[in-house]
Amino acid sequence: MTPLQYYLALAAALFAVGAWGVVARRNIILVVMCLELMLNAVNIALAAFSNYSAIGPGRGEVFVFIVLAVAAAEVAVGLAIGIAMYRLRERLDVDELDDLKG
Amino acid sequence: MKAVVLLIPLLPLVSFVFTGLLGRRYLKEKSHYASVAAVAISWLLSMYVFIQVERGQTLSWQIYSWIAVGHFSVDIGFLVDELTAIMLLVVATVGFMVHVYSIGYMHGDKGYYRFFAYINLFMFSMFMLVLANNYLLLYVFWEAVGLCSYLLIAFWFPKVSASNAGMKAFLVNRVGDFGFSLGIMLIFVTLGTLSYSGVFAAAGGLSGGMVTAICLLLFTGAVGKSAQFPLHVWLPDAMEGPTPVSSLIHAATMVNAGVYMVARSNPLFAHSHTAMLVVAIIGTFTAIFAATIAMVQTDIKKVLAYSTVSQLGYMFMALGVGAWTAAMFHLLVHGFFKGLLFLCSGSVIHAMGGEQDMLKMGGLRKKIKITYWTFLIGALALSGFPGLSGFFSKDAVLAGAFDGGYYYFWIVAVITVFLTAFYSFRLIFLTFFNEPRDARLFAHAHESPWVMTVPLIVLAVPTVGAGLLLGVPPESGHIDHLLHGVFAAAIHAPAHEFGLLSASLMAFSAAVGIAGILLAWHFYLRCPWLPAKACKRSGRLYTLLLNKYYIDEIYFAVIINPVRRFSGWLWRIVDTGVIDGAVNGAGWLAVGAGRAFRPIQSGKIQGYLFAMMLGLLALLAVYLILTL
């Protein structure tokens with residue numbers, strides 16, 4: 001059986017890629033996609049923990065479905081923001097959203 | 001009697017509120033109706049009270065318990081005895097006449113209603129001052145009359161000199177009032193009470209030093225209010241106010257408050273020989289000091305102002321040598337004739353279209369007859385001409401000094417009589433005799449309307465008659481009997497018979513007064529070129545007198561300018577440097593800090609997120625390091 005660490009390493013790598021994308025990318029679509037990547041990294045970790053823990057398989061996967069449902073809603077909101085932003089500014093660069101600047 | 005006494009101060013107060021509130025909009029030219037009516041009634045009531053007191057009916061009435069803390073209590077209450085009655089007589093009579101006179105004098109002034117409102121407030125305060133039955137109430141109204149004095153000196157406040165004179169009066173009085181308040185506190189601390197009766201009953205139990213301290217502090221207040229040296233400087237400047245004010249407040253009533261207060265405190269002063277001596281020295285010195293200045297002044301009101309200072313000095317000398325009755329007698333009589341003289345000078349100024357310089361007058365005798373005759377009567381009374389009121393009161397003061405064995409004071413006072421007669425008639429001769437020195441002003445000169453001349457005639461009556469009525473025979477006249485009870489504690493020696501010595505002293509002082517008049521006549525009528533020559537001959541002395549002994553300049557050099565420089569230093573270094581520096585520094589610190597930290601708030605969400613992640617990682621790292 002593949003050791004747990006492998007799965008966790010994959011999840012961590014995926015999470016890091018997602019986090020990098022959220023921080024570094026300028027296009028709002030890419031930012032939202034990277035956010036999804038981070039969520040899925042967590043999903044992998046949850047599923048892996050579920051299979052390796054003492055409480056037995058199946059329990060942890062429930063969380064994955066909840067996360068997927070929330071992620072779907074979140075993507076809907078995120079893309080709506082993207083559309084609203086495009087209508088307002090005709091660009092999708094998140095750097096433009098600096099109205100809160102002190 | 002109670003209702004009457006209560007109404008005396010209350011009517012002017014009601015009229016003050018009425019005139020003050022409605023005067024500007026509604027009463028305007030009719031502002032004097034209520035105030036003159038109120039004071040007229042107060043005058044009638046004061047007369048009634050005086051007659052009642054004369055018949056032996058006095059009143060001590062506690063109306064309201066004002067402050068009651070533990071054993072200490074201060075009442076609002078009235079004490080009406082012979083001393084109060086005499087003060088009421090002066091205040092009400094001169095007050096009433098000045099009110100009537102002001103109708104004419106202030107006619108057409110922009111502040112007509114304001115004038116009557118203020119002067120009513122003054123009447124209220126002054127009545128309360130003499131009616132009060134304890135030191136605290138006295139002090140309250142002592143300050144209130146000071147306030148009215150300030151308001152009325154600076155009545156024409158757009159004029160810089162007038163508003164400065166008002167401030168000067170207020171500030172100089174503060175110096176005296178500070179001492180007065182300390183004296184009252186000392187009385188409270190040592191005796192635990194402030195009512196006259198309580199204080200005087202307990203005065204005997206105080207140590208000698210303490211009584212002297214209390215008396216000297218109280219006297220400091222009197223020095224300020226009654227314009228004695230060295231706090232006399234405000235009174236001549238107070239002449240910037242309208243002339244009726246000079247007459248009422250700065251000649252006949254308020255400035256007498258100091259004399260009244262010392263006379264009222266006679267049971268205290270009787271216990272301190274030192275304090276009495278100080279009172280006598282200050283009084284005598286001020287009398288001759290001010291009289292010499294009055295000799296060379298050319299402003300008609302300034303002459304009278306210095307004369308007032310000098311006469312107040314007489315009163316204090318009388319108090320100091322123990323001639324209490326004589327002091328009050330002189331106060332009463334001086335109130336009448338000096339009030340009259342000021343009103344006359346107002347009439348002259350009115351006639352000359354506002355000119356106050358005597359050197360531009362002359363020859364007015366024929367043009368303003370009523371003013372001339374009343375002025376002459378006043379000046380004769382001031383000079384102590386035999387038969388007139390001033391003669392008897394002044395002689396009572398001189399006799400008091402002589403009988404008490406204060407011969408040096410007596411000599412100085414006699415010299416002052418001479419100077420007084422001289423400057424009074426210098427004023428008369430310069431103003432009313434010779435040829436007019438300013439033809440244009442002279443051509444315009446006219447007698448004042450009857451509202452102004454009638455008060456002159458009315459005041460001339462007591463100026464002539466009060467002495468004969470109250471002061472004859474000398475030293476045991478009506479006023480001596482009247483005031484005997486009030487000063488019983490302070491007068492030890494029984495009044496001796498009026499003998500040959502007293503009569504010859506009286507004749508001597510009368511002769512000195514007449515000599516002064518003759519000298520003035522010689523200088524200003526017979527040989528009019530003499531004054532200029534005398535001025536040249538006396539050179540420096542003349543300059544010294546003309547500049548009022550440089551007292552104002554000395555105060556500027558010693559007190560005012562150093563204080564100003566110190567204030568300037570405080571302002572520039574401490575205020576703008578340290579205090580403003582600290583406050584502004586705090587502001588700049590906040591601005592600087594904001595500027596330094598502002599780049600962090602870029603508004604870019606990704607930047608925030610990155611920072612958040614770094615923070616999270618840092619926390620995680622710390623956690624790992626601590627657990628492993």
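## The interface between the two chains

In this predicted model, chain B and chain A together bury about 930 Å², and 63% of that area lies on carbon and sulfur atoms. The size of an interface is often given in this way, as the accessible area lost when the parts come together. On the side of chain B, the residues that lose the most area to chain A are B:Lys604, B:Gln606 and B:Met613, which together account for 50% of what that side buries.

Counted by residues, the interface brings nine residues of chain B into contact with 15 residues of chain A. Between chain B and chain A the count of salt bridges is zero.

## Helices H5 and H6 of chain B

Within chain B, helices H5(B) and H6(B) pack at an angle of about 175°, and their axes lie 9 Å apart. An angle over 145 degrees counts as roughly antiparallel, and H5(B) is therefore roughly antiparallel to H6(B).

The residues that H5(B) brings to this contact include B:Tyr135, B:Trp142, B:Glu143 and B:Ile153, while those from H6(B) include B:Ala162, B:Arg174, B:Asp177 and B:Ile187. Sorted by class, the residues in the contact of H5(B) with H6(B) are 15 nonpolar, three polar and three charged.

## Helices H3 and H20 of chain B

Another pair in chain B is formed by helix H3, residues 82-105, and helix H20, residues 450-471, which pack at an angle of about 160° with their axes 7 Å apart. H3(B) and H20(B) are therefore roughly antiparallel to each other, and their crossing is left-handed.

Among the residues of H3(B) that make the contact are B:Thr93, B:Met97, B:Gly104 and B:Tyr105, and among those of H20(B) are B:Val451, B:Pro455 and B:Leu459. The contact of H3(B) with H20(B) consists of twelve nonpolar and two polar residues, with no charged residues.

## Helices H11 and H15 of chain B

Helix H11 of chain B, residues 257-264, packs against helix H15 of chain B, residues 324-351, at an angle of about 155°, with their axes 11 Å apart. This angle makes H11(B) roughly antiparallel to H15(B), and the crossing of these two helices is left-handed.

Here B:Val259, B:Tyr260, B:Val262 and B:Ala263 of H11(B) meet B:Trp324, B:Met328 and B:Leu331 of H15(B). By class, the contact of H11(B) with H15(B) holds seven nonpolar residues, no polar residues and no charged residues.

Side chains of opposite charge can pair when their charged atoms come close. Over all chains, the count comes to seven salt bridges, and in chain B a salt bridge joins the side chains of B:Lys159 and B:Glu240, with 3.1 Å from N to O. This pair links distant parts of the chain, 81 residues apart, since B:Lys159 is in the loop between helices H5 and H6 of chain B, whereas B:Glu240 is in the loop between helices H9 and H10 of chain B.

## Two backbone exceptions in loops

Most residues other than glycine have a negative phi, and most peptide bonds are trans. In chain B, the peptide bond from B:Phe229 to B:Pro230 is cis, with omega near 5°, and B:Pro230 is found in the loop between helices H8 and H9 of chain B.

B:Lys548, although it is not a glycine, has a positive phi of about 55°. B:Lys548 lies in the loop that runs between helix H24, residues 540-546, and helix H25, residues 551-597, of chain B.

Terms used: Residues are numbered from 1 along each chain as its sequence is written. Chains are lettered from A and ligands numbered from 1 in the order in which they are written. This is a predicted model: local features need pLDDT of at least 70, side-chain atom pairs count only at pLDDT 80 or more; totals for chains, interfaces and linings use all residues. Side-chain values use heavy atoms; hydrogens and water are left out. Axes are lines fitted to C-alpha atoms, for helices over the stretch in contact, and angles run from 0 to 180 degrees between N-to-C directions. Helices (H or I, at least four residues) and strands (E, at least two) are DSSP runs, numbered from the N terminus. Angles under 35 degrees count as roughly parallel, over 145 as roughly antiparallel, 65 to 115 as roughly perpendicular and the rest as oblique. A crossing is left-handed if the near helix is turned anticlockwise from the far one by less than a right angle, and right-handed if clockwise. Contact means heavy atoms within 4.5 Å. Ala, Val, Leu, Ile, Met, Phe, Trp, Tyr, Cys and Pro count as nonpolar, Asp, Glu, Lys and Arg as charged, and the others, Gly among them, as polar. Buried area is the accessible area (1.4 Å probe) that two parts lose on being put together, summed over both. A salt bridge is a side-chain nitrogen of Lys or Arg within 4 Å of a carboxyl oxygen of Asp or Glu.
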